[in-house]
Amino acid sequence: MSTDKVTSPASPLDRFIAVIPAGGVGTRLWPLSRAAAPKFLHDLTGSGSTLLRATYDRLQPLAGNRMLVVTGQAHREAVCRQLPEVHDADLVLESEPKDSGAAIGLAAAILHERDPDTIMGSFAADQVISPDHLFQQAVREAIHTAAAGKIVTIGIKPTHPSTGFGYIRSGKALNIEGAPSAHDVVEFVEKPDEVVAQQYVDSGDYVWNAGMFVAPVSLMLKHLEANQPELFQGLQEIARAWDTPQRDEVTARIWPTLLKIAIDYAVAEPAAEAGDVAVVPGTFRWDDVGDFASVGRLNSAKEVDDVTVLGEGARVFTENSSGVVVTDTKRVIALIGIQDVVIVDTPDALLVTTMANSQRVKAAVDALKASGDTDVL
């Protein structure tokens, strides 16, 4: 991507640049996902592509090679191996995780320095989406909506009353050319209990908040400045130095001082209150692969009995069993008469749980951390 300032082209689609935040360890996917090898670096769907590579390939028809990847310094080599197309100037490395406010805010500030008319789209590296053409259709609508002066979130039409996701309540239709399904956002709501979630689904006015944002960089930064002025100032200073020899020095000095805050709280929610947020509902299949139960649901990997097996050269024997086995060892794993089991076998750690308890893996990670067993994290 050229770092020169450019004049803004005619079509909103030509102003679009994709940002891929690749952060988070995915502690509920331990011991497969670790600090040194987080979930976005794994193929969790048996497709032959890691989640990161699949995200890049899904965005390429929309953005070409106009993409920024935001990740931790520790993952630089692995990310570059998986995405050799990404240039150094378009790889934003965090010395320590600062949540999505700083990550997406810095991407917006860098892109604004290069061309203030840019429309950015932020799409996390660890989500599973299909089919690609429905996703791309929703993003195109979001780009047209952003060009009309909105921060746009792509919401997912709920398939069940999930208590694990936040929701977005949509309001009136916006009637924007090129974006027939764009609506105003009335409010963002936190994860509900089951009764409330069912009411949301029944009303038809709510979609899941998948954390996907498409927006003019100038509007993102305007709301960031209004709501988090110190964070905005710090990011501006890094962005001004980004395409200069001072990049490393300025980033090393400022990044550790930045506030840790999610982009939802720093920008999206206050912008919604100001009437500047729209939603485009996505009809594609979406999963944030939050636990091993979702790995089992998603997989096109080979099934033995009713067991989903992931892992190259896996040696699994099953009889009258169901569940998920993920292995990166050559150990023989035999399951006999056991239902809804989750087994994750790695050279230095073994996890055995059930589908119903797979969300509780995070507690084991927290306990290991507290007891000082960080070598397996």
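Predicted model: local features only at pLDDT ≥ 70, side-chain atom pairs only at ≥ 80, totals over all residues.

On the H7 side I found Gly-234, Glu-237, Ile-238, Ala-241 and Trp-242, and they meet Arg-247, Val-250, Thr-251, Arg-253 and Ile-254 in H8 (contact means heavy atoms within 4.5 Å). Sorted by class, this contact has 5 nonpolar, 2 polar and 3 charged residues. The classes work like this: Ala, Val, Leu, Ile, Met, Phe, Trp, Tyr, Cys and Pro are nonpolar, Asp, Glu, Lys and Arg are charged, and the others, Gly among them, are polar.

Next I checked the geometry. H7 covers residues 229-242 and H8 covers residues 247-254; they pack at about 165 degrees with axes 8 Å apart. Axes are lines fitted to C-alpha atoms, for helices over the stretch in contact, and angles run from 0 to 180 degrees between N-to-C directions. Helices are DSSP runs of H or I with at least four residues, strands are E runs of at least two, and both are numbered from the N terminus. So H7 and H8 are roughly antiparallel (under 35 degrees is roughly parallel, over 145 roughly antiparallel, 65 to 115 roughly perpendicular, the rest oblique).

Then I turned to H6, residues 217-227. H6 and H7 pack at about 130 degrees, axes 5 Å apart, which makes H6 oblique to H7. I counted by class here too: 7 nonpolar, 3 polar and 1 charged residues in the contact of H6 with H7.

H6 also has H9 (residues 263-273) as a partner: their axes come within 9 Å and cross at roughly 105 degrees. That means H6 and H9 are roughly perpendicular, therefore. Met-220, His-223, Leu-224 and Asn-227 of H6 make this contact with Ile-263, Ala-266, Val-267, Pro-270 and Ala-271 of H9.

One I noted is Glu-85 with Arg-53, closest N and O atoms 2.8 Å apart. Glu-85 sits in the loop between H2 and S3, Arg-53 in H1, 32 residues apart.

Last, confidence. Mean pLDDT (the predictor's confidence in each residue, from 0 to 100) is 87, and 95% of residues reach 70 or more. Over residues 2-8 pLDDT stays under 50.

For the record, residues are numbered from 1 along each chain as its sequence is written, and side-chain values use heavy atoms, without hydrogens and water. Local features need pLDDT of at least 70, side-chain atom pairs count only at 80 or more, and totals for chains, interfaces and linings use all residues.

Conventions:
Salt bridge = Lys/Arg side-chain N within 4 Å of Asp/Glu carboxyl O.
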